[in-house]
Amino acid sequence: MDEKFDFLSRHNTDSTEWTELRPDEPHYFFVKKDFAGRDKYDSFLSVSDVFDVFSMGVTTARDNFVVGFTKNEIVNRLRLIKGN
């Protein structure tokens, strides 16, 4: 973060070296990309061709309950479930 503020304190829009981007749909990247070999990459199987079942992966949906700052905080929550 200090590096960012240091840069900003020494530069402005006139003194910054800019790189013109030419975004191409559908990606619209905000950094310069080298698309050499893209045709070969695009000709390979997509993830949806390989996997016929889609899911969000492992989710807890209860992060506010199971994540705490101290061991005591979590133990007290578990006691609520257990009823002690």
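Buried means under 20% relative accessible area, exposed over 50%, and partly exposed in between (1.4 Å probe, protein chains only). This is a predicted model, where local features need pLDDT of at least 70, side-chain atom pairs count only at pLDDT 80 or more, and totals for chains, interfaces and linings use all residues. Residues are numbered from 1 along each chain as its sequence is written, and side-chain values use heavy atoms, with hydrogens and water left out.

**Exercise 1.** Work out whether Tyr28 is buried, partly exposed or exposed, and look at its backbone.

Start with accessibility: Tyr28 comes out at 45%, so it counts as partly exposed. Next, the backbone: phi of Tyr28 is near 55°, a positive value in a residue other than glycine. Then place it: Tyr28 is in the loop between H1 and H2 (helices are DSSP runs of H or I with at least four residues, strands are E runs of at least two, numbered from the N terminus). Pro26 lies in the loop between helix H1 (2-10) and helix H2 (38-43) too, and the peptide bond from Glu25 to Pro26 is cis, with omega near 10°. For context, most residues other than glycine have a negative phi, and most peptide bonds are trans.

**Exercise 2.** Find the aromatic pair and classify it.

A search of the whole structure gives one pair: Phe29 and Phe35, 6.0 Å centre to centre with 35° between the planes. Now apply the cut-offs: ring centres (Phe, Tyr and the six-membered ring of Trp) must lie within 6.5 Å, with planes under 30 degrees apart stacked, over 60 edge-to-face and the rest tilted. That makes Phe29 and Phe35 a tilted pair. As for accessibility, Phe29 is partly exposed at 33%, and Phe35 is partly exposed at 38%.

**Exercise 3.** Which charged residues sit over the rings of Phe35 and Phe65?

The test is NZ of Lys or CZ of Arg within 6 Å of the ring centre and within 35 degrees of the ring normal. Arg38 lies over the face of Phe35, 5.0 Å from the ring centre. The charged end of Arg62 sits over the ring of Phe65, 5.1 Å from its centre.
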